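Hi,

Here is the structure I promised to pass on. Have a look at it first, and then read my notes below.

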Amino acid sequence: MKKTIWIKHAAQLATLASEGKGARSKEAMSELGLIEDGSVWIEDGVIQAVGTTKELEKRFSSFAHEAEVVDASNLLVTPGLVDPHTHVVYGGSREREFEMRLEGATYMDIMNAGGGIHATTRMTREATEEELIVQTMRRLDSFLAHGVTTVEGKSGYGMNLETELKQLRVMKKLQEQHPIDLVPTFMGAHAVPKEFKGREDEFVDHLIHDMLPVVAGEKLAEFNDVFCEKGVFTPEQSERVLEAGKRFGLIPKIHADEIESYGGAELAAKVGSISAEHLLKASDQGIKAMAKSGTIACLLPATALYLREEAAAGRKMIDEGVAVAISTDCNPGSSPTTSMPLVMNLACISMRLTPAEALTAATYNAACAINREKQVGSLEVGKQADIVLWKVKNYQELQYLFGVNHVKSVWKKGVRVV
Ligand SMILES: N=CN[C@@H](CCC(=O)O)C(=O)O
Ligand SMILES: [Zn+2]
């Protein structure tokens with residue numbers, strides 16, 4: 001028996017309908033495909049029709065008795081939010097670093113003293129697979145409670161084959177155990193592990209020859225990411241890592257120009273990276289190069305806030321023609337949050353995106369940044385019924401009433417999960 005759900009009478013339905021056009025830039029970032037008194041007809045987890053309630057009443061009146069009706073009066077309805085950049089699988093926690101930064105230490109000071117990524121690497125190496133599953137499950141529950149239905153997750157707290165595989169296997173298992181869709185990225189090049197200190201190129205060789213083939217062989221990742229940053233991996237080393245990943249079918253991503261301007265945005269364009277992350281210090285040429293190559297800027301304003309840095313130039317990037325996505329960057333050091341609604345608000349306040357652009361950046365463009373735009377990120381016929389009902393009457397109110405969780409209910413593949 002078919003399971004039919006009919007969401008009716010949404011005060012505002014933001015469909016983000018995109019007709020498969022690919023990541024949106026410039027004015028297209030403001031087109032939300034709004035429908036007043038909107039309606040969605042879902043069969044077996046797949047969207048079959050989207051329109052006004054009147055239109056769908058006309059079309060489906062003879063099947064209406066078969067449907068579970070969900071009254072969305074006075075509610076905003078959007079696609080499930082997509083988080084295209086997280087480090088959600090990790091052991092332990094780093095609250096002491098939060099205090100240290102408030103006392104004046106920088107992110108890099110802490111990392112160079114063996115804390116930061118290295119501290120989480122120690123704790124993740126020590127954790128069992130089961131412990132990581134339990135910890136990560138809690139974070140995924142919190143994502144879901146905030147309206148997020150698809151999450152990209154990176155390895156990178158192993159930096160040895162055993163632990164990188166452990167993190168990626170945890171994601172694979174969670175994919176089966178949790179309603180959220182997890183999209184895996186290999187990030188063995190997150191830092192140079194302490195056992196390779198002073199032998200950075202050797203580590204890059206080891207990663208290329210001994211790690212990448214196994215990760216790709218076991219089909220544990222779709223993307224390959226690198227932390228291209230002064231004191232971590234140079235643009236040359238980053239390029240080698242990303243080009244090697246390409247040969248194994250892994251799509252490049254790059255943590256670029258977060259702390260210093262280092263040519264990361266330019267490299268992203270050069271290697272054909274699907275997205276470049278952070279970009280707080282991206283150069284003007286880098287931004288132009290990304291607009292030309294169609295590289296999506298994945299901006300992380302919660303991280304900038306948490307590190308008390310000026311956020312990326314989101315407004316300027318959109319005006320220059322770069323497609324912008326946004327993300328929590330959920331990680332134990334620089335952004336321990338799972339709240340995409342907070343990130344949308346910060347995108348408006350600290351990067352001067354409009355509320356409409358912020359919603360596009362957290363849904364359709366975010367889906368494009370992880371190659372999922374055919375399945376999620378908009379409410380269109382044939383797509384997964386990943387849908388959020390919000391206790392606000394329009395998308396502006398969603399961004400305006402900040403710091404509060406407005407989720408009323410979350411539907412994943414047509415099943416109510418919150
Ligand atoms: N900048 C590099 N990596 C992560 C932070 C990882 C950590 O501090 O544990 C990021 O994207 O912010
Ligand atoms: Zn990151």
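Along the principal axes, its C-alpha atoms fill a box of roughly 70 × 45 × 45 Å.

Some housekeeping. This is a predicted model, where local features need pLDDT of at least 70 and side-chain atom pairs count only at pLDDT 80 or more, while totals for chains, interfaces and linings use all residues. Residues are numbered from 1 along each chain as its sequence is written, while chains are lettered from A and ligands numbered from 1 in the order in which they are written.

The chain has 16 helices and 16 strands (DSSP runs numbered from the N terminus: H or I of at least four residues for helices, E of at least two for strands). Buried residues account for 55% of the 418. Buried means 20 or more other C-beta atoms within 10 Å of the residue's own, exposed means 12 or fewer, and partly exposed is in between, with C-beta atoms placed from the backbone.

Now find strand β8 (residues 181–189). Nine of its nine residues are buried, so β8 is largely enclosed by the rest of the structure. Strand β7 (residues 148–154) pairs with β8 in the parallel sense over five bridges; for two strands to pair, DSSP has to find at least two bridges between them. Strand β9 (residues 223–228) also runs parallel to β8, joined to it by three bridges. One of the bridge partners to look for is asparagine 224 in β9, which goes with phenylalanine 186.

Next, which residues does UniProt list for "binding site"? The unreviewed entry gives His85, His87, His255 and Asp329, though such annotations may be inferred rather than shown by experiment; positions use the numbering here and feature names are shortened. These residues span 245 residues in sequence, yet no two of their C-alpha atoms are more than 12.2 Å apart, so they gather at one spot.

Histidine 87 sits in the loop between β6 (81–83) and α2 (95–102), and is buried, with 28 other C-beta atoms within 10 Å. Aspartate 329 is in the loop between β13 (324–326) and α13 (340–351). Aspartate 329 is buried too, with 29 other C-beta atoms within 10 Å.

Cheers!
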